[in-house]
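Open the model in your viewer and keep the selection tool at hand. The stops below go from one selection to the next.

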Amino acid sequence: MGAQVELAEHAFGVYSAGQRASWTYVAGVRARQGLFLGAFADGRAAGAAMIHDLRQWWVGREVPCAGIASVKVAPELRGRGVGRGLMTAVLATVADRGYPLSALFPATMPIYRSLGWELAGGKYQATIPARSLWTLVAPDQDAGAAAPAGTGGVEVRRAGAEDAARIIAIIGRAHRAARDAGAITWDEGPFRQWLGRADLYSYLVGDEGFAAYRWGGEGSHGRLFVERVHAVTPEALRALWSVIASHSSVTRTVTALTAPDDPFWWLTAERDATISRRSMWMLRVVDGPAAIAARGFPPAVAAAVPLEINDPARPANSGRWQLEVADGKGALTPAASSPARGSSPLTLGARGLGALYAGTPVATLRLAGLAAGGTPEADAALDAAFAARPYMVDDF
């Protein structure tokens, strides 16, 4: 891995000792899984990419997802087609491994768009003045009065790497219960390593909640950075945020990775918490029928819509299809016949399909040049079926 570390540092900058050890460990895991791809020129490393084995949650259901990471090309070889050849091989590997979806955080978008990835959701960072956490708003049955932060008798214990499997299960339960879209869960190896970071402080509430944070800055008023808070019960959520809030006397600002509609926003005593940063990620539908079959849909929505998909990089996705949604499930099957005279199915490329899958309204896709045709009735049905507000608290 020495040559790959050197390539990474030439592409992204020098790693700290901790970053180097972390990257080497995860890269080794992916290499043993056959999920680390390299490009070579004259016998030396010219480029590389890593594929993470993830589960992405879409409206209460988990979908296997290939997370593309650490894509790099040697600076002296950029602009010579190495990156495109590498990403073409990555997409083929993802398809061969049976992943219906692939996601990535782009450093630049043109190459990924050219192969069918499109913007789908965000990673949101909130900035919270500590005073907003000194009290958490009480439930309605308590007359809406603010109550001092405290665990309310709920047992909270410290967590560590040995709890990895349990925590992954809790995170999955939380995403399922919230019918989240876009959020991911990791496989155990890399997640266990993350939990073992010396600067990470993590807590469990039985099988009902998990939180993790770390400190940044210097001195007695450093910044508290909340990596994640997941809970499946109101009691667990309040107890975990109360642990975080207990630091409000020694920090001025708390930064948290969260969803735009996370319950946290309804717990703070003041309205001065803000979304201070958004980093967009991209999605690609690799296997259309499998991705639709695995995704969750609103149980109250029923729809039957003809689609025409053009996907040169994944020809198996191309053609005329019938999308059917009912009882919270979906199916994408080859159309039995050509469209009736005068009718026009909604036409999408790979980018439009990925954005639609992530809940982008059809009108937005049409104005952006990512969709054509269709009918107002079909647009409304698709908007209702794919409605989602995708987010992640992870990056890769």
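The tour of this predicted model visits a lysine, a serine and then a pocket.

**Stop one: K72.** Select residues 61-73, which form strand 3, and pick out K72 within that strand. Does K72 have a charged partner, or none? K72 is buried but has no salt bridge. Show E9 as well: E9 is the nearest side chain of opposite charge, and it is 11 Å away. What K72 does have is a polar contact, side chain to side chain, with S70 at 2.9 Å.

**Stop two: S102.** Now select strand 4, residues 101-104, where S102 sits. S102 counts as buried because its relative accessibility is 0%, and the cut-off for buried is under 20%. A polar atom of the S102 side chain lies 3.0 Å from the backbone oxygen of A66. The S102 side chain also makes a polar contact with the side chain of W117, at 3.3 Å.

**Stop three: the second largest pocket.** Select A178, D180, D262, P263 and Y391, which lie nearest the centre of the second largest pocket. In total, 29 residues line this pocket. Colour the lining by class to see 19 nonpolar, four polar and six charged residues. The volume of the second largest pocket is about 490 Å³.

Notes
Residues are numbered from 1 along each chain as its sequence is written. This is a predicted model: local features need pLDDT of at least 70, side-chain atom pairs count only at pLDDT 80 or more; totals for chains, interfaces and linings use all residues. Side-chain values use heavy atoms; hydrogens and water are left out. On a 1 Å grid over the protein atoms alone, a cavity is a set of points where a 1.4 Å probe fits but cannot get out, and a pocket is an open set with protein on both sides within 12 Å along at least five of seven lines; lining residues have an atom within 4 Å of a point. Grid points are joined across faces, edges and corners, and a volume is the space filled by probe spheres set on the points. Ala, Val, Leu, Ile, Met, Phe, Trp, Tyr, Cys and Pro count as nonpolar, Asp, Glu, Lys and Arg as charged, and the others, Gly among them, as polar. Helices (H or I, at least four residues) and strands (E, at least two) are DSSP runs, numbered from the N terminus. Buried means under 20% relative accessible area, exposed over 50%, partly exposed in between (1.4 Å probe, protein chains only). Lys and Arg count as positive and Asp and Glu as negative; His and the chain ends are not counted. A salt bridge is a side-chain nitrogen of Lys or Arg within 4 Å of a carboxyl oxygen of Asp or Glu. A polar contact is a pair of N or O atoms within 3.5 Å; within protein, one must be able to donate a hydrogen and the other to accept it, and residues adjacent in sequence count only if both atoms are side-chain atoms.
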